[in-house]
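Hello,

Here is the structure we talked about handing over. Please look through it first; my notes follow below.

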Amino acid sequence: MSRSLKKGPYLDEKLMKKVKKAKDESSRTPIKTWARGSQISPEMVGLTFSVYNGKIFINVFVTEPMVGHRLGEFSPTRTFRTHGRVTDRTVTPT
């Protein structure tokens, strides 16, 4: 469900402070964050974020097409192994 237009986008205040500080210093180090629900704003383009997925931090480099999406979309929380595996059912000649 999307957020109300009246409220505006959700931007974590602490994260935005870190973004402004990194832009002022032109820092290349990843910004560590747990704010997976925070939307990506145009000020974040060109920065690298370390987004926590519940186990580890995954580095996400923000590009222009990502604006408007949430940080958590680019840091998957579940590992896809495979679907059911089909075993080799070849018939051996006898």
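A definition to start: two strands count as paired if DSSP finds at least two bridges between them. Helices (H or I, at least four residues) and strands (E, at least two) are DSSP runs, numbered from the N terminus. This is a predicted model, in which local features need pLDDT of at least 70 and side-chain atom pairs count only at pLDDT 80 or more, while totals for chains, interfaces and linings use all residues. Residues are numbered from 1 along each chain as its sequence is written, and side-chain values use heavy atoms, with hydrogens and water left out.

**The sheet**

Three strands form an open, mixed sheet in the order β1-β2-β3. β1 and β3 are the edge strands, each pairing on one side only. On average, neighbouring strands are turned by 25° against each other, direction ignored. Angles run from 0 to 180 degrees between N-to-C directions, with axes as lines fitted to C-alpha atoms, for helices over the stretch in contact.

Helix α1 (residues 13–25) packs on the sheet and touches β1 and β2. Its direction makes about 175° with that of β1. Contact means heavy atoms within 4.5 Å.

β2 (residues 48–52) and β3 (residues 57–61) pair in the antiparallel sense over five bridges. Serine 50 stands opposite asparagine 59 in β3. Valine 51 has isoleucine 58 as its bridge partner.

**The core**

A nonpolar core is a set of buried Ala, Val, Leu, Ile, Met, Phe, Trp, Tyr and Cys residues joined through side-chain atoms within 4.5 Å. The largest one has 14 residues; Ile31, Met44 and Phe49 touch the most other members. α1 and β2 are the elements that give two or more residues to this core. α1 supplies the largest share, four residues. Beyond four places in sequence, methionine 44 touches Leu15, Met16, Val19, Ser38, Gln39, Phe49 and Val62.

**Serine 38**

Where does serine 38 lie? Serine 38 is in the loop between β1 (31–33) and β2. Serine 38 counts as buried because its relative accessibility is 0%; buried means under 20% relative accessible area, exposed over 50%, partly exposed in between (1.4 Å probe, protein chains only). Its side chain reaches the backbone nitrogen of aspartate 12 at 3.4 Å. Contacts of serine 38 beyond four places in sequence include Tyr10, Leu15, Met44 and His69.

Best regards

How values were computed. A polar contact is a pair of N or O atoms within 3.5 Å; within protein, one must be able to donate a hydrogen and the other to accept it, and residues adjacent in sequence count only if both atoms are side-chain atoms.
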